[in-house]
Every structure is written in C-alpha cells, then in structure tokens.
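Okay, thanks for coming, everyone. Let me put the model up on the screen, and then I'll walk you through the helices and the surface.

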Amino acid sequence: METEQLILKKLEKIEKEVGEIRENMPDKDMFLTSEEELLLEESYDNEKKGNLISSEDLRKELGI
C-alpha cells in the first residue's frame, strides 16, 4: 500500500510538471523555417545596402 501511494504521488508530480511544461512551451509557429530565415537575412542585407523600395513605389512599378 505504501509503495502504491508513493507511485501515485510521483505520478501526480509528473502530471503537474507536464502541465506546466505545456503551458510554457512556445508555439511551433513562433519559429522560422530555414527558408524564412534565409529570406529574413536577405531582407536585412537589402536594408543595410539601401536596396529597399517603399510599398507605394512597388505598386507603381507593378502598375497596381
């Protein structure tokens, strides 16, 4: 009986810890894919080089 109660207490503790982990676990959508990381780095490079245009200029260029 004592062993069973010890096991139950440990299981309850594990269950509580798993619940806390689930609450604090970051959502998978928060992370970038490798393709998204490359695009972000490319964007940073373009910004540093001054190769960006405004959305208004892009619309004009595309004829929108």
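So, helices first: here they are DSSP runs of H or I with at least four residues, and strands are E runs of at least two, numbered from the N terminus. Before I go on, this is a predicted model, where local features need pLDDT of at least 70 and side-chain atom pairs count only at pLDDT 80 or more, while totals for chains, interfaces and linings use all residues. Residues are numbered from 1 along each chain as its sequence is written, and side-chain values use heavy atoms, with hydrogens and water left out.

Let's start with helix H1, residues 2-24. H1 has 23 residues and runs 33 Å from its first C-alpha to its last, close to the 33 Å expected at 1.5 Å a residue. The expected span, by the way, is 1.5 Å times one less than the number of residues.

How many of the 23 residues of H1 are buried? Zero, so H1 lies largely in the open. Buried here means under 20% relative accessible area, exposed is over 50%, and partly exposed is in between, using a 1.4 Å probe and protein chains only. Val-18 sits in H1, and at 35% relative accessibility Val-18 counts as partly exposed.

Val-18 also belongs to a nonpolar surface patch with Ile-7, Leu-8, Leu-11 and Ile-14, about 450 Å² of accessible area together. Patches take residues with over 30% relative accessible area and no salt bridge, joining like charges within 9 Å and nonpolar side chains (Val, Leu, Ile, Met, Phe, Trp, Tyr) within 5 Å. The areas are Shrake-Rupley, with a 1.4 Å probe, and for residues only the protein chains shown count as cover.

On to H2, residues 34-49. Its 16 residues should span 22 Å at 1.5 Å a residue, and the end C-alpha atoms are 23 Å apart, which agrees. After H2 comes Gly-50, with a positive phi near 75°.

Now the charges. Glu-35, Glu-36, Glu-37, Glu-41, Glu-42 and Asp-45 make up a negative surface patch. Asp and Glu count as negative, Lys and Arg as positive, and His and the chain ends are left out. Each charge is placed at NZ of Lys, CZ of Arg, CG of Asp or CD of Glu. Glu-35 is in H2 and is exposed at 57%. Glu-37, also found in H2, is partly exposed at 45%, and Asp-45 in H2 is partly exposed at 38%.

Last stop: which residue does Lys-60 form a salt bridge with? Glu-56, with the closest N and O atoms 3.6 Å apart. The rule is a side-chain nitrogen of Lys or Arg within 4 Å of a carboxyl oxygen of Asp or Glu, and the count comes to one salt bridge. Lys-60 and Glu-56 are four residues apart in helix H3, residues 55-62, so about one helical turn separates them. Lys-60 is exposed at 59%, whereas Glu-56 is partly exposed at 49%.
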